Structure formats: structure tokens, C-alpha cells
Amino acid sequence: MARRGETIELAVLGLLHEGPMHGYELRKRLNLMLGWGRVLSYGSLYPALKKMMRSALIEETSSTLTAVTRRPKIVYALTPAGHREFERLMAEVGPTAWEDDNFDVRFAFFSRTDMEIRLRVLEGRRTRLQERLDRVQTQLSMTQKEVDRYAAELQRHGVESVEREVRWLSDLINAERDQEDAARRTPGPV
């Protein structure tokens, strides 16, 4: 399973791949990306930024004075090593690519990923969820008589959520394959 720090690092690298940002903007964009269930505090962000600076993945660039506080606003940017690390992380197709903690962030940057890698990650995620769904449904059938109606309703909700995500992933995989087939059928320049 991906550690939270690794997920934050990938997200920061991806956002800074789009262009330099100051800490406030990074935190705001990260919270939008990570979703309401995983709010990122400055206490998590700034240590991650410092670690990434020590690893020479990012650097502080032009700082400007703010009108209100008269303190400099630090802007972070990717270094060439940061660009390479982002590309390397996005090219990974192993289990960490489709784990719960990491998948959403990777998916947010899929437009910068090769189609073959996207397909492998989507298929890996779908397989992982299908295995989880099969396991939960087996356990549900064994414990159905033992749980009260609210616990049963919560379990049903969880199963429906995973089924919905499996359908969504299948639709994405089919769309990727259709796009790949269309690209193969389209003749190149002569």
C-alpha cells in the first residue's frame, strides 16, 4: 500500500508539472484532488515540500512580497530531476498504481500517461476491486443472519459502491480500447 507521503509527493509533482505554485495554491489544489475524505493540512504539506527540496525534486523560485503581510510568498517549481521522477512514477504499473490511496491521484494525471500504461492500471484496479467484491459478497452470504438491519444496509452500500466503480472502470477500459482501435485503423501520413 502506498504511504500517504508518497501519494502527496506524486500529487505535488503532478501539479507542479503544470507550472510553479505557492504553498497555499498547492494545498487548495491538493485538497480538491484528494477529495473531501482526505483533507491535507499545512502540517503534512510543508514537511513533504521540504523533503522534496532536499531530494532536489523541487526548488523555491521567485518569491514576491504580499500586499497584506509584506512577507515573501514562496513559489515552488519542478527541477529536471522532479520532471524525471514524475514521469517514472506515472510509468509504474504495479500494485501501488491501483491501490486505494494512490489510484485517484494517478488517475488525475492520466492525460500525461501512455495509453498502454493507462490500460494496465485501469485493468489492475478493476481486478483488485473485483477480487474485493467477490470476497465481501462471500462473507456477506455467510453473515447475513448475524447482523442487524443497519449493519446489513452499510454492507449493501459498500457492495454497491464497489460494483459501481467496477462498471465505471470497465467503461473507461472499453473507451481506451476503442480509441486504440480507431488509432490503428486511421492511416498515418503518406
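Reader: What is the relative accessibility of Glu-18?

Author: Glu-18 has 42% relative accessibility and counts as partly exposed (buried is under 20% relative accessible area, exposed is over 50%, and partly exposed lies in between, with a 1.4 Å probe and protein chains only). The model is predicted: local features need pLDDT of at least 70, side-chain atom pairs count only at pLDDT 80 or more, and totals for chains, interfaces and linings use all residues. Residues are numbered from 1 along each chain as its sequence is written, and side-chain values use heavy atoms, with hydrogens and water left out.

Reader: Which residue forms a salt bridge with Glu-18?

Author: Arg-29, with the closest N and O atoms 2.6 Å apart (a salt bridge is a side-chain nitrogen of Lys or Arg within 4 Å of a carboxyl oxygen of Asp or Glu). Glu-18 is in helix α1 (residues 4-18) and Arg-29 in helix α2 (residues 23-34), so the bridge ties together parts that are 11 residues apart in sequence. Helices are DSSP runs of H or I with at least four residues, strands are runs of E with at least two, and both are numbered from the N terminus. Arg-29 is partly exposed too, at 27%.

Reader: How many salt bridges does the count come to?

Author: 17. Another of them joins the side chains of Arg-88 and Glu-85, at 2.8 Å from N to O. Both residues lie in helix α4 (residues 80-91), 3 residues apart, or about one turn of the helix.

Reader: Is Glu-85 buried or exposed?

Author: Glu-85 is buried, at 19%, whereas Arg-88 is partly exposed at 43%.

Reader: Which residue does Arg-125 bridge to?

Author: Asp-100, with 2.7 Å between the closest N and O atoms. Arg-125 sits in helix α6 (residues 115-143) and Asp-100 in helix α5 (residues 100-108), so this pair ties together parts that are 25 residues apart in sequence. Arg-125 is buried at 5%, while Asp-100 is partly exposed at 36%. Both belong to a network of salt bridges that also takes in Arg-132 and Glu-165.

Reader: Which residues are closest to the centre of the second largest pocket?

Author: That pocket holds about 260 Å³ of space. It has 12 lining residues, and those closest to its centre are Asp-100, Asp-104, Arg-125, Arg-132 and Glu-165. Helices α5, α6 and α7 each supply at least two residues of the lining. On a 1 Å grid over the protein atoms alone, a pocket is an open set of points where a 1.4 Å probe fits, with protein on both sides within 12 Å along at least five of seven lines; lining residues have an atom within 4 Å of a point. The volume is the space filled by probe spheres set on the points, which are joined across faces, edges and corners.

Reader: How far does α7 reach?

Author: Helix α7 (residues 149-185) has 37 residues and reaches 54 Å from its first C-alpha to its last, close to the 54 Å expected (1.5 Å times one less than its number of residues). Its buried residues include Val-159, Ser-170 and Glu-176.

Reader: Change of topic. Which residues touch the most other members in the largest nonpolar core?

Author: Val-12, Leu-13, Leu-16, Leu-26 and Ile-58, out of 26 residues (a nonpolar core is a set of buried Ala, Val, Leu, Ile, Met, Phe, Trp, Tyr and Cys residues joined through side-chain atoms within 4.5 Å). Helix α1 gives the most to this core, with 7 residues.
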